[in-house]
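Visitor: I'd like to learn how to read a structure like this one. Could you walk me through a few features?

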Amino acid sequence: MSTLTRTDGSAQHTVAQSLVLDRLHKTYTSRGKTSFEAVKGIELSIEPGEMVALLGPSGCGKTTTLRLVAGLETVTDGDIRIGATSVADLPPAKRNVGVGFESYALYPPLSVRQNLRYGLRARKVRDADQRVDTLAARLEMTELLDHRPADLSSGQKQRVALARALIRNPPVLLLDEPLSHLDAAQRQRVRRELKVLQREFGYTTIVVTHDQLEALSLADRIAVMDGGVIQQFGTPDEIFDDPANRFVADFVGEPNINLVDGVVQRSGGKTFVRVGDAGMLPVTATGVADGRAVTVGLRPQDCHTGVGAEQPALEGEVRVYENLLEFGQATVDVPGVDEPVVVQTPADERLAGGDVLRFAADAGQVYLFDDDSGERLR
Ligand SMILES: Nc1ncnc2c1ncn2[C@@H]1O[C@H](COP(=O)(O)OP(=O)(O)OP(=O)(O)O)[C@@H](O)[C@H]1O
Ligand SMILES: [Mg+2]
């Protein structure tokens with residue numbers, strides 16, 4: 001990595017740059033209507049060459065954030081820095097950012113090849129055709145080069161948009177759902193190639209995705225967003241194993257985390273949480289008052305079975321058992337708990353509806369949240 005792009009553009013690599021979003025705000029105002037704050041003070045500090053996935057529900061402000069960085073929306077407040085340079089007031093073309101939004105910057109009268117070359121010609125790249133061919137082959141779109149964008153399927157257009165963003169080897173790359181229209185097999189292959197290209201060239205990248213698996217596989221760190229605010233920014237392991245609040249715990253993880261009511265109970269110098277009529281689980285949270293009502297988060301994957309009768313656990317009747325080959329999934333009615341609890345069970349332990357299942361989790365994997373704010377209690 002890290003040779004400077006020469007003035008003739010012949011070098012393939014650029015110096016990786018950091019990207020900082022500093023208390024970034026965006027309020028949309030339309031004439032005569034009320035204004036809407038879509039981005040509410042986002043702070044993100046992305047390392048040079050790092051790939052960050054922006055994950056969150058529809059309408060939470062992901063695209064708005066990317067458009068702010070790209071310069072397609074004006075910043076209401078705060079700053080954006082690429083390396084040491086503030087770019088918040090620069091026009092899009094001066095920011096040196098590769099933008100992979102659907103069909104963005106594709107010129108309809110030009111062929112795909114001409115579209116890709118167009119991005120390079122302005123910078124007088126000598127080996128332009130070769131670069132187009134190499135990149136097209138890597139993104140499985142060689143056969144699309146002589147077509148016009150209008151003649152392509154949405155999945156094909158998406159690969160062209162991705163190539164358009166990558167062709168100049170920009171130091172900063174912004175991708176909005178770059179693989180959403182590809183079929184499952186191609187999505188996996190292009191995803192892998194995107195990761196390889198990103199590593200090879202050191203693009204500092206934000207990729208928006210709805211797909212958790214895509215976020216896990218692509219990203220060094222994940223930013224989970226809701227309501228215009230970053231809820232948590234961390235490695236996939238941190239997001240999954242140490243959720244900052246109930247929203248993050250609930251949004252990340254498949255199947256969903258179980259969220260049930262509980263009451264903290266201390267006995268014999270240890271801390272537990274009571275769940276339902278007779279359930280009890282160990283917790284690590286020592287800062288929570290005895291008797292406090294809380295929301296308990298328990299991931300199906302963190303449950304283990306084969307728990308002795310003397311150990312704290314939950315117990316209930318299996319309502320449904322699903323054999324998912326590598327493991328099983330039991331939906332269990334625990335007395336006194338409103339919603340059934342989903343438990344992942346070992347493959348060699350086949351169950352049936354009506355069986356009684358006793359299960360628990362390690363204290364470190366039983367999360368407690370404030371009933372009202374959803375903040376994690378530790
Ligand atoms: N030009 C605009 N004018 C007014 N409101 C807007 C504008 N663009 C977006 N919004 C609003 O801002 C909020 C965030 O929109 P945004 O497109 O950033 O969401 P998103 O996270 O990308 O969602 P999705 O996953 O559905 O693409 C939404 O409530 C949307 O209605
Ligand atoms: Mg969007």
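Visitor: Which helices are included in what covers the buried residues of helix 2?

Guide: First, the ground rules: this is a predicted model, where local features need pLDDT of at least 70, side-chain atom pairs count only at pLDDT 80 or more, and totals for chains, interfaces and linings use all residues. Residues are numbered from 1 along each chain as its sequence is written, chains are lettered from A and ligands numbered from 1 in the order in which they are written, and side-chain values use heavy atoms, with hydrogens and water left out. Helices are DSSP runs (H or I, at least four residues), as are strands (E, at least two), numbered from the N terminus. Contact means heavy atoms within 4.5 Å. Here, the cover includes helix 3 (128-138) and helix 4 (154-166).

Visitor: Which residues of helix 2 are buried?

Guide: Buried means under 20% relative accessible area (1.4 Å probe, protein chains only). In helix 2 (residues 112-121), that goes for Val-112, Asn-115, Leu-116, Gly-119 and Leu-120. Down the helix 2 axis they fall within an arc of 140°, so they line one face; the arc is that of the directions from the axis to the C-beta atoms.

Visitor: What about ligand 1: which element gives the most to its shell?

Guide: A residue is near a molecule if one of its heavy atoms lies within 4 Å of it. Helix 1 gives the most, with 3 residues. Strand 2 (36-46) and helix 1 (62-70) each supply at least two.

Visitor: How far is a polar side-chain atom of Lys-62 from an oxygen atom of ligand 1?

Guide: The distance is 2.7 Å.

Methods:
Polar contact = N/O pair within 3.5 Å; in protein donor to acceptor, adjacent residues only side chain to side chain. Buried < 20%, exposed > 50% of the residue type's maximum accessible area, 1.4 Å probe, protein only.
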